[in-house]
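Open the model in your viewer and keep the selection tool at hand. The tour goes stop by stop.

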Amino acid sequence: MRWFLRRLGFYVFAIWVALTLTFLLPRLMPGSPIGGILQHLSASQLAANPGIIKTYETLFGGGNQSIWSAYVQYLHHVATLNFGLSTSNFPTPVSQVIAHTLPYSIVLVGLAFFISFALGTAIGMVAAWRRGGTFDSIFVPIFMALGAFPAYFTALLIMYFLGLKLGWFPIQHAYDNGLSPGFNWTFIWSAVRHGILPALVIVLAFAGGWVLNMRTVMINTISEDYVAMAQAKGLKDRRVMTRYAARNAILPPLNGFAAQFATAVGGVIFVELVFSYPGAGYTLQQAALGKDLPLTQALLLVFAICPLVANFIMDIANFLLDPRVRTA
Amino acid sequence: MAQIQPTTLEPPDSAAALPAADLAVEPPQRARRGIVPGWVRLLLGNNKGRAGVAVMLGMVALALLAPFIADKASATNFNILVTRQAPSLHHPFGTNDQGLDVWAQVVWGARRSLLLGFAAGAIATVLATALGLIAAFVGGIVDDVISLVVNVFFVIPVIPLLVDITAFLHTRGLLVMTLVIAGTLWSFEARILRGQALTLRNRDFVQAARVAGESTRRIVFGELLPNMISRIAAAFVLVFYVAILVDAGLEFLGLGDVSKPSWGIALYWASTTSSVLQGEWWVFLFPGLAIGITVLGLTLLLAGIDEVSNPRLRTERLRRHRLRRLLARPGGTVS
């Protein structure tokens with residue numbers, strides 16, 4: 001239980017760091033961001049939204065507030081999800097833009113990432129078990145090579161071959177034009193079909209990391225005495241591999257889950273851009289390119305917090321899987 | 001993308017359980033020392049290490065020879081007379097929608113990527129080694145603070161952070177990007193190196209040096225660093241290629257300087273002008289391959305360093321392992 005509370009404390013701290021980071025970044029950067037933001041808005045737009053300059057000043061600095069009172073107000077703004085108005089989607093509030101785009105990313109990354117974890121560790125397990133065998137010498141180099149190529153390159157390749165040349169799957173957007181999001185089969189089927197290629201890219205890009213990671217740890221585990229003991233007892237090879245070696249080898253990769261997920265969340269920006277997938281990553285790229293600073297600021301916060309939440313879920317899994325953690 | 005993970009490196013937790021069979025632990029071969037240093041011979045004796053060195057030498061040669069084999073202007077100056085040409089003798093890698101020569105982009109882009117990756121790797125390595133050693137050696141509150149910072153940076157996604165920072169930046173030159181990228185990537189290295197330094201600190205030979213009354217400075221530089229050198233080298237190579245991936249990625253997103261030739265910018269043009277949708281495969285294939293081959297070369301180098309320093313990962317040791325399993329298997333006889 002103490003372990004659990006310590007982890008919880010770490011997450012609270014990490015979220016606080018993320019908050020402070022997004023608060024300080026615009027204030028540390030050269031030049032005044034606020035002037036850049038106001039350039040995007042016309043006088044009539046500003047007149048129609050009284051108080052918006054004040055909100056921007058709280059979020060980005062400028063004005064004549066002291067930094068401490070600005071910080072307190074900033075935290076209050078974040079707590080009430082008031083990130084101002086997006087300048088590139090004026091006058092839509094930033095929180096609303098995110099609410100429209102984030103669900104696509106969460107479903108896409110969440111599913112694809114768990115598939116890549118399951119697939120990668122399974123391949124790594126078998127590769128380590130039969131080290132030097134055919135399986136090992138075919139799959140490990142393939143995944144190593146795949147991991148070397150940036151996800152956007154894999155995405156462009158897959159888009160070119162599977163999407164354009166073979167025409168198996170749609171290559172742009174999250175659902176067919178003319179459909180409106182809702183819980184009906186036509187929409188869900190369309191969304192699934194549009195999600196396959198982006199998901200495939202994420203799976204391919206990340207499975208390699210899990211394969212190598214699992215293989216390395218597993219090789220060390222295999223030479224443990226309890227594995228030799230299990231074999232000496234005459235247990236089936238498969239049972240020794242999964243229940244004895246893999247069960248113990250999976251913990252380090254599981255601990256690396258957080259960092260991997262943080263990378264995956266970053267990588268989704270590229271995949272979404274290539275496939276024009278209207279998720280949070282594509283929105284961040286568009287916002288950064290269009291200097292829509294309110295939107296980039298809020299999205300950075302979202303991108304920092306998502307892996308923490310995922311990591312917390314993994315900690316619970318770790319808690320259930322590892323008896324050493326439970327008793328600590 | 002941006003496979004920012006020490007995949008082939010042991011996670012710090014398991015590193016404690018492993019015997020540190022590092023380069024420096026190998027018996028010194030002073031007698032045989034010739035022109036080639038021992039670690040180079042070790043690395044070249046390993047298949048993966050040799051392949052990695054070969055790939056990187058090729059890339060460096062490409063970057064150095066750039067002025068002789070490709071015209072720099074054709075990589076950055078639009079030329080409407082030669083747009084969208086498939087690979088030919090005149091344009092070996094074809095041209096893109098703006099008439100930029102892809103071959104020139106690839107050759108001149110190698111300079112930027114290698115320079116940036118190397119510099120960012122070096123800066124991050126110095127920073128990470130210093131902080132990792134301080135954390136492990138001083139301990140107490142200093143260690144707590146450094147570890148906390150490192151752990152927090154470990155879970156904050158690098159790409160969105162860098163996208164956000166570059167959105168604020170007014171200039172995105174080579175130097176600025178190198179510093180920004182090194183400043184965000186050092187924490188990965190520090191995490192690895194701190195773990196390694198911690199396990200070494202409690203080793204008998206370090207304790208012995210301490211009891212013998214050696215100064216902290218001598219223990220750090222004389223005992224710890226030489227034993228960590230393979231880890232430091234591995235961490236450097238890791239940041240080297242992650243920096244290349246991250247930099248090209250940011251450029252791909254449109255957050256780069258389009259007036260300079262680079263791999264990321266080449267891919268950015270390929271994606272914004274929808275060359276892919278028009279079936280112009282050469283526009284994205286060659287710059288992408290350039291990144292992939294470089295990163296693959298560095299990954300192989302990393303795997304080579306790992307195998308040389310951690311003999312358990314070597315496949316050559318397989319025979320002994322098979323023998324063990326044969327012995328453990330019921331009915332398995334060894335004559």
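How are H6(A) and H14(A) oriented to each other? Keep in mind that this is a predicted model. Select helix H6, residues 94–129 of chain A, and helix H14, residues 280–289 of chain A. Their axes lie 7 Å apart, and the packing angle is about 130°. Angles over 145 degrees would count as roughly antiparallel. H6(A) and H14(A) are therefore oblique to each other.

Now show the side chains at this contact. From H6(A), pick A:Val97, A:Thr101, A:Leu102 and A:Ser105. From H14(A), pick A:Ala280, A:Gly281 and A:Thr283. Colour them by class: three are nonpolar, four are polar and none is charged.

The crossing of H6(A) and H9(A) is right-handed. Which classes of residue make up this contact? There are 25 nonpolar residues, five polar and one charged.

Next, a charged pair. Select A:Asp315 and A:Arg7. They form a salt bridge, and their closest N and O atoms are 2.9 Å apart. A:Asp315 sits in helix H15 (residues 293–321) of chain A and A:Arg7 in helix H1 of chain A, so this pair ties together parts that are 308 residues apart in sequence. Over all chains, the count comes to eight salt bridges.

Move on to the two chains. Show chain A and chain B together. The contact draws 76 residues from chain A and 64 residues from chain B. Between them the chains bury about 6,200 Å². Of that area, 72% is on carbon and sulfur atoms. How many salt bridges are there between chain A and chain B? The count is zero.

Select helix H1, residues 2–28 of chain A, and helix H8, residues 158–168 of chain B. Their axes come within 10 Å and cross at roughly 25°. Angles under 35 degrees count as roughly parallel, and that makes H1(A) roughly parallel to H8(B). The crossing of these two helices, H1(A) and H8(B), is right-handed.

Show the side chains once more. On the H1(A) side, select A:Leu21, A:Leu25 and A:Pro26. On the H8(B) side, they meet B:Leu161, B:Asp164, B:Ile165 and B:Phe168. The contact of H1(A) with H8(B) has six nonpolar residues, no polar ones and one charged.

Conventions
Residues are numbered from 1 along each chain as its sequence is written. Chains are lettered from A and ligands numbered from 1 in the order in which they are written. This is a predicted model: local features need pLDDT of at least 70, side-chain atom pairs count only at pLDDT 80 or more; totals for chains, interfaces and linings use all residues. Side-chain values use heavy atoms; hydrogens and water are left out. Axes are lines fitted to C-alpha atoms, for helices over the stretch in contact, and angles run from 0 to 180 degrees between N-to-C directions. Helices (H or I, at least four residues) and strands (E, at least two) are DSSP runs, numbered from the N terminus. Angles under 35 degrees count as roughly parallel, over 145 as roughly antiparallel, 65 to 115 as roughly perpendicular and the rest as oblique. A crossing is left-handed if the near helix is turned anticlockwise from the far one by less than a right angle, and right-handed if clockwise. Contact means heavy atoms within 4.5 Å. Ala, Val, Leu, Ile, Met, Phe, Trp, Tyr, Cys and Pro count as nonpolar, Asp, Glu, Lys and Arg as charged, and the others, Gly among them, as polar. Buried area is the accessible area (1.4 Å probe) that two parts lose on being put together, summed over both. A salt bridge is a side-chain nitrogen of Lys or Arg within 4 Å of a carboxyl oxygen of Asp or Glu.
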